[in-house]
Amino acid sequence: MATLDELLARIGHACCGHDVCAFSRSLLDDTQQLTRSNRPRFLRKAATAFRIAFVPRFEEDIRLKQASGYATICNELSRQSGGQAGAELCKALAARLSRLDHALMEQVGFRSLSLFACSFGRHSASSECRDSTIRIAELCRDTSETLHDLTGLHLSLLVNGFSKWPDQPALREAAVTIATEIICRMRSDDRLSAFTQQHLATLVNGFGKWRGAECFHAAVARIADELLRRSDRLSDFTQQQLASLVNVFSKWPEASSCRKAAIAISNELLRRSDQLSDFSQQRLAKLVNGFSRWPGEFAPRKATVKLAGELVHRALSVGQLGDFTRHELASLVNGFSKWTKEAACLTATVAIADEVIRHTRRAERLSCFRYQELGMLVNGFSKWRQDTTCRRATIEIADEVLARSRVADGVSCITDQGLANLVNGFSKWPQQASLRDATAVIAQEVVCRARRAGQLSEFTPQGLAILLNGFSKWPTTVPLREASTAIAHEVLSRACRTDGLSHFTHRGLAILANGFSKWRQEASSRHATVAIAEEILRRTYQIREFSEQELAQLVRAFGSRPEEVTSREVVVVISEEVLRRLTETARFTEQEFAYLGNGLTKWPEVAICRRAAAAIGDLRALRDGQRT
């Protein structure tokens with residue numbers, strides 16, 4: 001076995017002879033003889049030697065058809081084990097590659113370019129690496145026919161590199177070209193059978209960085225189909241690959257193939273339940289958060305229960321969850337919150353709440369958490385509002401929000417989604433003064449954003465509904481009333497557009513109407529409620545799609561404004577639907593019956609409302625009699 005000095009001497013000899021092949025052999029083969037402690041040192045020295053001896057000759061060696069050697073060496077030395085010297089080598093090669101003319105770029109070839117792209121992607125903060133990857137992407141986009149001859153390895157390496165800068169148009173366009181190639185191959189006889197598990201996982205992980213284009217959705221769905229064809233060989237996939245696949249499939253939960261593939265992975269994890277202790281914290285978080293997109297499926301639920309048990313075991317064995325990152329803790333709580341009836345999910349969430357409380361006893365308290373993470377935690381904890389630990393953790397987070405609000409730009413950096421998550425969670429404990437105060441701070445930020453832009457157009461329909469619903473828990477608090485007025489103006493602004501309020505879901509409309517009813521004296525709330533009523537009247541043909549809860553909320557809301565003609569017209573439509581459902585198996589809860597009964601009495605002169613109210617009364621009396 002060669003010593004470190006002997007291997008360095010071989011590297012030096014290859015540099016003196018400008019022999020790329022000899023350097024590559026020594027790098028890939030001889031390093032296997034080194035100990036774990038010596039190998040990083042060798043790689044760092046090799047990177048420095050290669051940068052000095054070979055990088056200046058890059059263009060010349062490309063003409064001598066030595067591109068594959070450069071690409072292989074760059075791929076090896078750009079890894080973490082190459083250290084800073086490897087990173088500097090990667091940047092130097094990127095700078096030289098980005099300056100090649102079109103003819104030389106083609107001479108490099110996509111097999112080598114794919115290795116370069118993957119290498120450059122490891123250093124996404126480097127402008128040299130970014131610019132060089134863009135050059136590779138432009139060539140890929142403009143000569144798409146050359147992709148037909150590439151293997152799954154090269155395609156996956158290209159996508160992996162491109163995905164490190166998802167906001168760059170050229171990289172997205174090149175990824176579209178590769179996604180189209182994947183879709184075309186699925187139509188051929190061999191499909192994707194030649195692709196290894198790593199190729200499939202890498203492609204899916206890369207495509208998942210771009211959700212907007214239909215081709216990425218289609219390519220991921222095709223790969224999910226390929227995964228299903230290999231359902232008897234899922235044991236060949238590593239933990240990391242399975243976690244990455246679930247993480248991306250969950251971005252398209254409505255796609256049948258993605259759902260079925262996630263279920264297949266769930267079953268594979270259940271078969272590996274005795275190996276869960278080997279899963280890293282990141283993989284546990286990805287799996288739990290991914291499976292939560294299919295809360296109605298049996299296998300993902302059972303797999304999540306097993307993962308929750310593993311989390312609790314780790315918490316009990318070491319007394320804390322300090323090895324988990326803040327983002328992982330937030331992702332876990334977000335995932336577990338989709339299965340509130342599972343005791344294991346509650347126990348795991350309480351363990352995370354304990355960890356959050358533990359953070360508050362340290363000097364930095366919760367200052368190390370980002371707002372996005374705090375929002376996810378609060379939103380998840382609120383699903384178990386009866387649990388005292390979840391409540392205590394939420395109060396601590398509210399105190400953190402209040403503390404940050406006292407400094408300049410304290411809450412202005414929170415995303416729209418973060419604001420909605422925080423408000424939704426805080427509103428579940430309306431009796432807590434600190435939660436009300438933190439919500440008031442967020443309401444003031446919503447008002448500021450409305451004044452700055454003149455509107456709240458950046459908020460999604462769901463986000464507006466969640467905010468208003470939360471603010472309505474404290475209707476007498478001034479900042480919350482002002483924020484509700486700003487939301488009402490935004491709803492009215494959207495109602496005036498060509499598509500009106502068509503982007504709001506049935507549930508969103510019901511939540512908004514119910515929220516505005518808490519400020520019935522406000523003119524803006526009244527006008528917004530009328531706009532919502534008009535939208536529902538346009539959806540009369542969809543009334544059967546509204547849930548019992550949504551129907552009850554709407555009757556309750558419009559019942560607070562019986563003087564409005566549109567309120568009466570909507571309640572008439574709902575009354576007909578309620579009577580229809582009462583002739584079948586009624587699924588209304590007692591609370592929903594109460595909302596309906598109270599609301600319908602506001603129009604005693606309308607026959608259909610009287611009939612519906614009477615039918616509800618008879619059914620409630622019958623239920624009371626059966627109970628007694």
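## Chat about a predicted model

Colleague: Quick one to start: which helix is glutamate 181 found in?
Modeller: Glutamate 181 is found in helix α11, which covers residues 169–186. Helices here are DSSP runs of H or I with at least four residues, strands are E runs of at least two, and both are numbered from the N terminus.

Colleague: What kind of model is this, and how are residues numbered?
Modeller: It's a predicted model: local features need pLDDT of at least 70 and side-chain atom pairs count only at pLDDT 80 or more, while totals for chains, interfaces and linings use all residues. Residues are numbered from 1 along each chain as its sequence is written, and side-chain values use heavy atoms, leaving out hydrogens and water.

Colleague: Back to glutamate 181. Buried or exposed?
Modeller: Glutamate 181 counts as buried, at 7% relative accessibility. Buried means under 20% relative accessible area, exposed means over 50%, and partly exposed is in between, using a 1.4 Å probe and protein chains only.

Colleague: And what does glutamate 181 touch?
Modeller: Leaving aside residues up to four places away in sequence, glutamate 181 touches Leu147, His148 and Leu155. A contact means heavy atoms within 4.5 Å.

Colleague: How do α11 and α13 pack?
Modeller: Helix α13 is residues 214–229, and α11 packs with it at an angle of about 40°, with the axes 9 Å apart. That makes α11 oblique to α13. The axes are lines fitted to C-alpha atoms, for helices over the stretch in contact, and angles run from 0 to 180 degrees between N-to-C directions. Under 35 degrees counts as roughly parallel, over 145 as roughly antiparallel, 65 to 115 as roughly perpendicular, and the rest as oblique.

Colleague: Left-handed or right-handed crossing?
Modeller: α11 passes α13 in a left-handed crossing. Left-handed means the near helix is turned anticlockwise from the far one by less than a right angle, and right-handed means clockwise.

Colleague: What classes of residue make up the contact of α11 with α13?
Modeller: That contact has 11 nonpolar, no polar and four charged residues. Ala, Val, Leu, Ile, Met, Phe, Trp, Tyr, Cys and Pro count as nonpolar, Asp, Glu, Lys and Arg as charged, and the others, Gly among them, as polar.

Colleague: Okay, new pair. At what angle do α3 and α6 cross?
Modeller: Helix α3 (residues 38–53) and helix α6 (residues 83–98) cross at roughly 30°, and their axes come within 7 Å. α3 and α6 are therefore roughly parallel to each other. Their crossing is left-handed.

Colleague: Which residues of α3 meet α6 there?
Modeller: On the α3 side it's Arg44, Ala47, Thr48, Phe50 and Arg51, and the α6 residues they meet include Gly83, Leu89 and Leu93. The contact of α3 with α6 has six nonpolar, three polar and three charged residues.
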